[in-house]
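Here is a short briefing to read alongside the structure.

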Amino acid sequence: MIGICDRACKQVVLVNLHVESKAQGWHIDDIFDAALQTLINDRCRHAYVHDIRGRLQAVYSSFELLARSARQGAADPTLIDNASALAKRALASHERVVLEIVNQTVPEDEPVVVNVANLIDEIQQFLRNDAASRDVRIVVRGDKNVQVSAALNKLRTLLLALVALSIDALPAGAELQIDIKRVREDACMELRSEMSFGEIRSAAALLRDQASVVQPRDLILTGAQHWLQKHGGGIVVDRGATLQNVLRIYYPLIAE
Amino acid sequence: MSASATPLRILYVEDNDLVRGITHELLAQPSRTVVAVASAEEALKLFESDVFDVVVTDVSLPAMSGLELARQLLQRVPGVPIIIATGYRLSSENTALGERTRVITKPFEQEQIDQLLNELCPRPDPKLAQSS
């Protein structure tokens, strides 16, 4: 499923997206979705594989233990029982991670209650090797009880993409700070990075500009802005006096 | 205790509780002592106060990565044997950490890790030691 989606998305994004695609019946949301999904598929396929292989290690090891216990077990059946219990846990854990991955690749629109800190933890977990390979450290701080009501996979994909872009913009040895806070009626996630933002173009401006080739990064920022604004949120870029810029992502807090 | 009877001391670093628990059991044998920790930071701290013959580490750890841990350990004790266990395909740049560093891809079997441990930390054959 991931592979098929990836190929389709790359046709959109990497073959120099032009507004012609609109004439072919693309809706702007589809294009933004494709751009986001392309980036995420590219960035996270290693993480998917890593998670599956990691849990498979527990399965492999538990069966090795089971065999070892069986060889030694005539004198002590509890050895076999323990190894068997570990094997069952390992298989259950493997099933869980496969289901999580499947769920993440299926877009859904039904809003659910999302704890932002938990979501950011999940994203950090997902991108941690990606960050480590670029020698960037992700530090998450802030309010642990901020909740929003959102289409989880969509919000996760969008935040993953923005965090991935922020990682790319940092030099080796740098820290990507992510702060979670409440600002009036909104949840606010601040990403401090060295990404040099131009203006985030509106979807309409992007569609009007028929001459230029759209960079995936700009498409992702515009797409994120478009989706967030549709749901009462948005992105604000605060250009710092130093190299650091702050990308503030707003999304309405859950009604209490 | 003679040198040949000294257990091989393994420092094992893995953040996933389940994988750590099961693999710890798998690595443990009468001829080995395994100390398992969940983070690179814990491993570095332990390495200062204790002696280990070999380090087996996951790559993807919560804060400091297994690769960074390997680099820091090699700075402190050049030549310390390290086995990097990973579900990723690592680049040659990342794996070029020295002659006594090896990479094993998850999921691995006991025989594979045993082979690497024997290669990096050869132990005298107890039968030969007894007969001499």
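A:Arg141 stands opposite A:Asp179 in β4(A), where a strand is a DSSP run of E of at least two residues and a helix one of H or I of at least four, each numbered from the N terminus. Please keep in mind that this is a predicted model, in which local features need pLDDT of at least 70, side-chain atom pairs count only at pLDDT 80 or more, and totals for chains, interfaces and linings use all residues. Residues are numbered from 1 along each chain as its sequence is written, while chains are lettered from A and ligands numbered from 1 in the order in which they are written.

**Chain A overall**

- Chain A has 8 helices and 7 strands.
- Of its 256 residues, 36% count as buried (20 or more other C-beta atoms within 10 Å of the residue's own, with C-beta atoms placed from the backbone).
- Among contacts in chain A between residues at least 6 apart in sequence, 74% link residues at least 24 apart; a contact means that the C-beta atoms, placed from the backbone, lie within 7 Å.

**The sheet**

- Five strands form an open sheet in the order β2-β4-β5-β7-β6 (chain A), with mixed pairing; strands pair if DSSP finds at least two bridges between them.
- At the edges are β2 (137-142) and β6 (234-239) of chain A, each pairing on one side only.
- β2(A) and β4 (residues 175-183) of chain A run parallel and are joined by 6 bridges.
- α5(A) packs on the sheet, touching β2, β4 and β5 (186-193) of chain A, and its direction makes about 170° with that of β2(A); such angles run from 0 to 180 degrees between N-to-C directions, and axes are lines fitted to C-alpha atoms, for helices over the stretch in contact.
- Helix α6 (residues 152-168) of chain A also packs on the sheet, where it touches β4, β5 and β7 (245-252) of chain A.

**Two packed helices**

- α3(A) and α5(A) pack at an angle of about 110°, with their axes 9 Å apart.
- That angle makes α3(A) roughly perpendicular to α5(A) (65 to 115 degrees).
- Among the residues making this contact are A:Arg43 and A:His46 of α3(A) and A:Phe126 and A:Asp130 of α5(A).

**The side facing chain B**

- 20 residues of chain A are in contact with 17 residues of chain B.
- α3 (28-72), α4 (77-105) and α5 (116-133) of chain A each supply at least two residues of that side of chain A.
- α3(A) gives the most, with 13 residues.

Key. Buried ≥ 20, exposed ≤ 12 C-beta atoms within 10 Å, placed from the backbone. Contact = placed C-beta atoms within 7 Å. Parallel < 35°, antiparallel > 145°, perpendicular 65-115°, else oblique.
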